[in-house]
Amino acid sequence: MMDLASLTIPIATTVFAWLFSTGIILLLVRLPPATYGIALGMFALVLALATGVVIVTARLDTPLSAYLAAGCALCIWGWHEASFLMGKIAGPRPAACPTTATGWRRFKYATLTVIHHEGAIFLTLLALIGLTWGQPNPVAAWTFGVLFTMRISAKLNIFLGVPNLTDEFFPPHLAHLKTYLPKRPMNALLPISVIGSLILCAWLMGQADRAPEGSAMATGFVLLFTLTALALLEHFFMMLPVQDAALWRWAAPGKPAAKSAAVKPKPDTSGTQA
């Protein structure tokens, strides 16, 4: 059985990193759009450094290497999120949902608004798997994989419709995405997502308990459990009349800055644009 310190420290670290990293992204997005290129360029240096650390730590089987690997995965994920929210890597169709689009046509249009972003994340996941394959510390790839899986689940649920949408932090140039997000009491996928997340949490904690004491994966599985639990909490926020946006109000008080320089969404009511 894991002792209290083996649980408390990684759990507290993951919660802090989750709150802090999300807040940093929101702060970056509030910069004037004219500075987005510079901000992402500087962020790319962090991306390169994080990738190098992932390669080094993959060969180390210590708790510290697990923390570093997970932190680097969050940095790499943060670059992708920043590039999306800044409108640099999104999709080939930056337009509102046609009023006549329903079913698979609506799904197709929605996919085209974000497909470049999702594709870049998936390719990054494959790269991290390749960099850590067969190594004693694959925590970076596992962390990125959990983030990717839980984000896909969240996006699908939001697309299908949930009671509580957290879309107030969308910058003006992504305002067209709101037209794809219906408010509905429930959708069929949400209970499945919640149950699946609970099963994953239980499995990760079981793996943490069985991992060799003092190994990278013993710590890594606790980090992954906490990250999954936080993502599950976000799924619960979709169902409850409670705004999780309040958690990051310190990073984005009020509306996003510099609206005048942002790209306006392109309306499309014809239903013929692909």
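# Helix packing and aromatic pairs in a predicted model

Q: Which residues of α5 and α7 meet?
A: From α5, the residues V139, W142, T143, V146, L147, M150, S153, A154, N157 and I158 meet A216, M217, G220, F221, L224, L227, T228, A231, L232, H235 and M238 of α7. A contact here means heavy atoms within 4.5 Å. The model is predicted, so local features need pLDDT of at least 70 and side-chain atom pairs count only at pLDDT 80 or more, while totals for chains, interfaces and linings use all residues. Residues are numbered from 1 along each chain as its sequence is written, and side-chain values use heavy atoms, with hydrogens and water left out.

Q: Why is α5 called roughly parallel to α7?
A: Two packed helices are described by the angle between their axes and the distance between the axes. For α5 and α7 the angle is about 10° and the axes are 10 Å apart. Axes are lines fitted to C-alpha atoms, for helices over the stretch in contact, and angles run from 0 to 180 degrees between N-to-C directions. Under 35 degrees counts as roughly parallel, over 145 as roughly antiparallel, 65 to 115 as roughly perpendicular and the rest as oblique. The α5 and α7 pair is therefore roughly parallel.

Q: How many helices and strands does the chain have?
A: There are 7 helices and 0 strands, in the order α-α-α-α-α-α-α. Helices (H or I, at least four residues) and strands (E, at least two) are DSSP runs, numbered from the N terminus.

Q: What makes S153 count as buried or exposed?
A: Buried means under 20% relative accessible area, exposed over 50%, and partly exposed in between (1.4 Å probe, protein chains only). S153, in helix α5, has 14% relative accessibility, so S153 is buried. Leaving out residues up to four places away in sequence, S153 touches S193 and H235. Across the 274 residues of the chain, 46% count as buried.

Q: Which residues of α6 are buried?
A: They are L190, S193, V194, S197, C201, L204, G206 and A208. These buried residues pack against α5 and α7.

Q: Why is the pair of F122 and F148 called tilted?
A: Rings of Phe, Tyr and Trp (its six-membered ring) pair if their centres lie within 6.5 Å; planes under 30 degrees apart count as stacked, over 60 as edge-to-face and the rest as tilted. A search of the whole structure finds 8 such pairs. In the pair of F122 and F148, the centres are 6.1 Å apart and the planes stand at 40°, so the pair is tilted. F122 belongs to helix α4 (residues 103-132) and F148 to helix α5 (residues 139-160), so the pair ties together parts 26 residues apart in sequence. F122 is partly exposed at 40% relative accessible area, whereas F148 counts as buried at 15%.

Q: What makes the aromatic pair of W203 and F221 edge-to-face?
A: The distance is 6.1 Å centre to centre, with 90° between the planes. W203 lies in helix α6 (residues 189-210) and F221 in helix α7 (residues 216-239), 18 residues apart. With a relative accessible area of 38%, W203 is partly exposed, while F221 is buried at 7%.

Q: How do you know that a charge sits over the ring of F84?
A: The test is that NZ of Lys or CZ of Arg is within 6 Å of the ring centre and within 35 degrees of the ring normal. The charged end of K155 sits over F84 at 5.3 Å from the ring centre. R106 likewise lies over the face of F159, 3.9 Å from the ring centre. F159 is also linked by ring pairs with W104 and F107 into a cluster.

Q: How do you know that the span of helix α3 agrees with its 23 residues?
A: The expected span of a helix is 1.5 Å times one less than its number of residues. For α3 (residues 63-85) that gives 33 Å, and the end C-alpha atoms are 33 Å apart, which agrees. The 22 residues of α6 should span 32 Å, and the ends are 31 Å apart, which agrees too.

Q: What makes α3 mostly covered?
A: Of its 23 residues, 17 are buried. Not counting residues up to four places away in sequence, H80 touches H117, A120, I121, T124 and F144. L64 is also in α3, but at 57% relative accessibility L64 counts as exposed.
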